[in-house]
Amino acid sequence: MKSATVKEIKTELSYRSHDEILTLCLQLSKFKKENKELLTYLLFESDNEAKFIENIKQEIDEQFELINTKTYYFIKKSVRKILRNIKKYIRYSKNIETEISLLLYFCKKLIKFSPSIKNNTVLLNIYKRELTSIKKKVTTLHNDLQYDFNLQIAAIDL
C-alpha cells in the first residue's frame, strides 16, 4: 500500500468532520506507541516545555542508573538506547533549545559515568559526536543563548 503525501492527508482532513478527526486520532494512538507518545506531548506537555525537559532528565537519570556496568558492551548498548530515546523526544518537541538542553544533559551524565568512558573508544566517540552536534546547533541560536550554552559546553568539554 502506497501512503499518501502530507498535502493529500491535510486536504482530506479538511473535508472530515470534528468527530471523524477525533476517531482517526484515537485510532492512530492505538496503533503505535510512538503515536500515542506524540499525542501525549502535543496535548499535555507542549505548553510547558520546561516541565517536559525536567521529566525527560528524570527519565535519563533512571536509565543511567539501570545500566549494567559489567562490561563495556552492555554499557554501549544502554547508552545507545538512552540516546535513541532522547532523539525521539527531541523529534516530538522540534525546539532547538530543548534539543541542546537534553543532549547537554546526556553528555554531562555520560562524562560523569563510572566506569569512565575515556577507556572506551566507542563511548568516547558517541560523546564527541553529540558534543560536536550541540556546538553546531548552538550557533543557530540568539547570542545570549549561545553564551549560556557555550559556558555549559566548556564545563563538560574534554
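Which residues form one aromatic cluster? In this predicted model, the cluster consists of Tyr 41, Phe 52, Tyr 89 and Tyr 92. Two of its members, Tyr 89 and Tyr 92, belong to helix H5, which covers residues 72-93. These tyrosines are three residues apart, or about one turn of the helix, and both are buried.

The search for aromatic pairs, carried out over the whole structure, returned six. One of them is formed by Tyr 73 and Phe 74, whose rings are arranged edge-to-face, with a centre-to-centre distance of 5.5 Å and an angle of 65° between the planes. Phe 74 has a relative accessibility of 36% and therefore counts as partly exposed. Tyr 89 and Tyr 92 also form an aromatic pair that is edge-to-face. For Tyr 89 and Tyr 92 the ring centres are 6.1 Å apart and the planes stand at 70° to each other.

The packing of helices H6 and H7 was examined next. Helix H6 comprises residues 96-112 and helix H7 residues 121-138. Their axes approach to within 10 Å and cross at roughly 150°. Because angles over 145 degrees count as roughly antiparallel, H6 is described as roughly antiparallel to H7. The crossing of the two helices is left-handed. On the H6 side, the contact is made by Ile 96, Glu 99, Ile 100, Leu 103, Leu 104, Phe 106, Cys 107, Leu 110 and Ile 111. Helix H7 contributes Leu 123, Ile 126, Tyr 127, Glu 130, Leu 131, Ile 134, Lys 137 and Val 138. By residue class, the contact of H6 with H7 contains 14 nonpolar residues, three charged residues and no polar ones.

Ile 134, a residue of helix H7, is among those that make the contact with H6. Its relative accessibility is 0%, so Ile 134 counts as buried. When neighbours within four places in sequence are left aside, Ile 134 is in contact with Ile 100, Leu 103, Leu 104, Cys 107 and Ile 153. Of these partners, Ile 100, Leu 103, Leu 104 and Cys 107 are also listed among the H6 residues of the helix contact. The C-alpha atom of Ile 134 is separated by 19 Å from that of Ala 50, a residue 84 positions away along the chain.

In the loop between H5 and H6 lies Lys 94, a residue other than glycine with a positive phi, near 60°. Lys 94 has a relative accessibility of 73% and therefore counts as exposed. The loop between H6 and H7 contains Pro 115. The peptide bond that joins Ser 114 and Pro 115 is cis, with omega at about 5°.

Residues up to four places away in sequence not being counted, Ser 29 touches Asn 35, Lys 36 and Leu 39.

Key:
Residues numbered from 1 in each chain as written. Predicted model: local features only at pLDDT ≥ 70, side-chain atom pairs only at ≥ 80, totals over all residues. Heavy atoms only, no water. Axes fitted to C-alpha atoms, helices over the stretch in contact; angles between N-to-C directions. Helix = DSSP H or I, 4+ residues; strand = E, 2+ residues; numbered from the N terminus. Parallel < 35°, antiparallel > 145°, perpendicular 65-115°, else oblique. Left-handed = near helix turned anticlockwise from the far one by under 90°. Contact = heavy atoms within 4.5 Å. Nonpolar A, V, L, I, M, F, W, Y, C, P; charged D, E, K, R; others polar. Phe/Tyr/Trp six-rings, centres within 6.5 Å; stacked < 30°, edge-to-face > 60°. Buried < 20%, exposed > 50% of the residue type's maximum accessible area, 1.4 Å probe, protein only.
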